[in-house]
Amino acid sequence: MIKIQLTERQEKIIDIVKSHQPITSENIAKKLKLTRSTLRPDLAILTMAGILDARPKVGYFFTGKTSFNAIAEKIRSIKVADRKSVPVIVDEQTSIYDAIVTMFIEDIGTIFVTSNGYLSGVVSRKDFLKNAIGGMNLNKTPIAVIMTRMPNIIVTYPEESILDAAIKLIEHEIDSLPVVNEVVLENGEKAYKLVGRVTKTTITRLFVELGTNEV
Ligand code: ADP
């Protein structure tokens, strides 16, 4: 883990390299009126962080990276698989009543629905409310009647970047994405095996960890 919190001297080094590149460590040291050995740890940090690039016998270059770029790169490198949580799943035949109870017990806002073990639907709080107003028999009606169904479900994959998953949440104005592995059935059709979920909370938690330097 590299925490990029630059010191004043390191910022100065970056400025010098930006305007005089390529520049040797000796010349950087001269400009700062310091010895080369004093600078060595700073140059090592800046090179490790990818902010400077050292070429033997030529000197130091600025790579164009800033701390902000480093954060963006870090986020892009995090995969859905690294962050996904356990999905709450019910079968299509589950009654609306039982699914509502599950939502309370599990303290979640979205339930994923499966048929024969494969993803078939998604039910959110609003879906329940909409149908509760309709005066439906909640004990007798299966969840399949009110869920948002395949193929209209927005999914993410374990190998997708967490940034792309967050973009899907925003673009589709939804709270949660099922994490799936695609499989091809015997009849040639594609189906999704549920392996996790990514929610707005997943992204908020990551945001807090990035902000407090815990990632
Ligand atoms: P809430 O009901 O709390 O506003 P959402 O904004 O996630 O929750 O859900 C809004 C609508 O989008 C609901 O009808 C829900 O079934 C549907 N929905 C939720 N998640 C998905 C998803 N991943 N793909 C497609 N539709 C979804």
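A: By class, the shell around the ligand holds five nonpolar, four polar and five charged residues. Ala, Val, Leu, Ile, Met, Phe, Trp, Tyr, Cys and Pro count as nonpolar, Asp, Glu, Lys and Arg as charged, and the others, Gly among them, as polar. This is a predicted model: local features need pLDDT of at least 70, side-chain atom pairs count only at pLDDT 80 or more, and totals for chains, interfaces and linings use all residues. Residues are numbered from 1 along each chain as its sequence is written, and side-chain values use heavy atoms, with hydrogens and water left out.

Q: Which residues come nearest to the ligand?

A: A residue is near a molecule if one of its heavy atoms lies within 4 Å of it. Of the 14 residues around the ligand, the nearest are S124, K126, D127, T148 and D175.

Q: Which elements supply the shell around the ligand?

A: Helices (H or I, at least four residues) and strands (E, at least two) are DSSP runs, numbered from the N terminus. At least two shell residues come from each of β5, α7 and β7; α7 gives the most, with three.
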